[in-house]
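Good morning, and thank you for making time for this presentation.

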Amino acid sequence: MNWSELNLDLLEEIARRIKLYDDFVAFSIVCSLCRSAAVKENFRFMSSHIPLLMLPSKGCSNSCGFFDLPKGMTRSILLPECDGKKCFSSKGWLITIDLDWNMSLLNPFSRVQIELSHMEMFENWEDLETLNMQVSFISKCALSMNLSLRADYILMVIYGGQIANLPIEFVKYKTKIYLVESVGALLVVTREAIEEETIFQIFVKYPEANLIVYTLRTIIKRATVFYPKEEERI
Amino acid sequence: MSSSIASSSSSSSSSSKKEKKISLKTSDGEVFEVEEPVAMQLEIVRSFFADNEDVTEQTVMPLPNVSTAAMHGILEYCRAHEEFRRRMPEAAPEEEVRAFEAGYVDRKSNEELKEMILAANYLNISKLLDFLTGVAAKRIENKSVEYVRAFFGVENDFTPEEEANLRREYEWAFEGVDED
């Protein structure tokens, strides 16, 4: 009896139990059958994986350093796409912004890149542009889910002004988006409001009595939700 | 029927003479007499006896895809779990089950593990298959592609160009893996 009798079902069962993404990748390069088993859908430990810490770039460089905490080592990843750009991260993706305010989503491992609408489509863009707030302009970017897993995603960008209580968590559930602020308040954005037009006006409902209304309004005014075009979705 | 098997099964049945036994014949011709509740953990056996009206207690069910060695390992696991189940409702402490499982796989070589995965799959014992595939995933943790190939005993069927491309794409993943 030989492992080569292992069928795809069994290899998939094993692939689903691999906890570290590195091991999952090594497994996918073993043979073509393993590669078929190691499809992204079978990687189940996305959320429990300790994130890599992205290191600041040392001047012009084609690669980026990522510190791997469990292994205690720095990995250098070829990533010319993020050279000279400001990066945010969410759900395993980087949100990059260049000096001309072009925004993209970038997967640091597959290097899949999705161009997003230029930031000039942001509401109040003219006012904000003159502020020259390259560093603090955007306070938070968040994806609703890992793009590799699901096609139905949205990216939320919160920008401009001083936002006291940044949303720390962001969940899309059915027709609503929920934001949880660092002070514990819950914001709800309805899906109907998102689908109306390119720059989406966001309505916020008040599901809990103890919302801090001032903070809430600050965020409503300054939040823009992008819906990537159909062909941009993976 | 092998005398060694007969003696090992009689020792395990000493507690109850009336206990119903199911006879299972492995690929190398050995017949195992297995206590019914243990044998019924093997879904393939359960459905064989449930679906065939003309089988009797004397029926020996052939299992051509299971070796004697794999069968020993499988019965050890299923018997232990039957023991845990019997102690219900005072459920066996989680730690005790885990300690058993840890000790159980420690004694299995990679070769034995893979035989048992194939057998557990064929016999359709989902609990054991869950457990063993998890053990296999654990054993390839932090290993090189070459190690995993040797572990599975599979041939690299990529062309050198394809493999080079795949590795380039994932260069970052191959730093700091165990050499063995």
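This is a predicted model: local features need pLDDT of at least 70, side-chain atom pairs count only at pLDDT 80 or more; totals for chains, interfaces and linings use all residues.

In which loop of chain A is Leu69(A) found? Leu69(A) sits in the loop between β2 (63-68) and β3 (73-78) of chain A. Residues are numbered from 1 along each chain as its sequence is written, chains are lettered from A and ligands numbered from 1 in the order in which they are written, and side-chain values use heavy atoms, with hydrogens and water left out.

Leu69(A) counts as partly exposed, because its relative accessibility is 45%; buried here means under 20% relative accessible area, exposed means over 50%, and partly exposed lies in between, with a 1.4 Å probe and protein chains only. Together with Ile50(A) and Leu53(A), Leu69(A) forms a nonpolar patch on the surface, and the accessible area of the three together is about 260 Å². Such patches are made of residues with over 30% relative accessible area and no salt bridge, like charges being joined within 9 Å and nonpolar side chains (Val, Leu, Ile, Met, Phe, Trp, Tyr) within 5 Å. A salt bridge is a side-chain nitrogen of Lys or Arg within 4 Å of a carboxyl oxygen of Asp or Glu. Accessible areas come from the Shrake-Rupley method with a 1.4 Å probe, and for residues only the protein chains shown count as cover.

Pro70(A) also has its place in the loop between β2 and β3 of chain A. Pro70(A) is partly exposed, at a relative accessible area of 49%.

Helices (H or I, at least four residues) and strands (E, at least two) are DSSP runs, numbered from the N terminus. Ser76(A) in β3(A) is the bridge partner of Gly65(A). The hairpin has 4 residues between the strands, and in it Gly72(A) takes a positive phi near 60°.

How many of the residues of helix α2 (residues 21-28) of chain A are buried? The count is 8 of the 8, so the helix is largely enclosed by the rest of the structure. Among them are Tyr21(A), Phe24(A) and Phe27(A), and also Asp22(A) and Asp23(A). The cover over these buried residues includes α1 (8-15), α3 (32-37), β2 and β3 of chain A, together with α8 (145-152) of chain B.

As a whole, chain A has 6 helices and 14 strands. Of its 234 residues, 44% are buried. One of the buried residues is Val157(A), at 0% relative accessibility, and Val157(A) is found in strand β9 (residues 155-159).

I turn now to chain B, whose secondary structure comes to 9 helices and 3 strands. Of its 180 residues, 43% count as buried.

The 3 strands form an open sheet of mixed pairing, in the order β2-β1-β3. β2 (31-35) and β3 (60-62) of chain B stand at the edges with a single partner strand each, so one side of each is left without a neighbour in the sheet. From one strand to the next, the twist averages 30°.

Strand β1 (residues 21-25) of chain B pairs with β2(B) in the antiparallel sense over 5 bridges, and Lys25(B) stands opposite Val31(B) in β2(B). Helix α3 (residues 43-51) of chain B packs on the sheet, touching β1 and β3, and its direction makes about 125° with that of β3(B). Helix α4 (residues 68-86) of chain B lies across β1 and β2, running at about 5° to β2(B). Axes are lines fitted to C-alpha atoms, for helices over the stretch in contact, and angles run from 0 to 180 degrees between N-to-C directions.

Finally, is Ser23(B) buried or exposed? Ser23(B), in strand β1 of chain B, is buried, with a relative accessible area of 9%. Apart from its neighbours within four places in sequence, Ser23(B) is in contact (heavy atoms within 4.5 Å) with residues including Val31(B), Phe32(B), Val60(B) and Met61(B).

Definitions and conventions: Two strands pair if DSSP finds at least two bridges between them.
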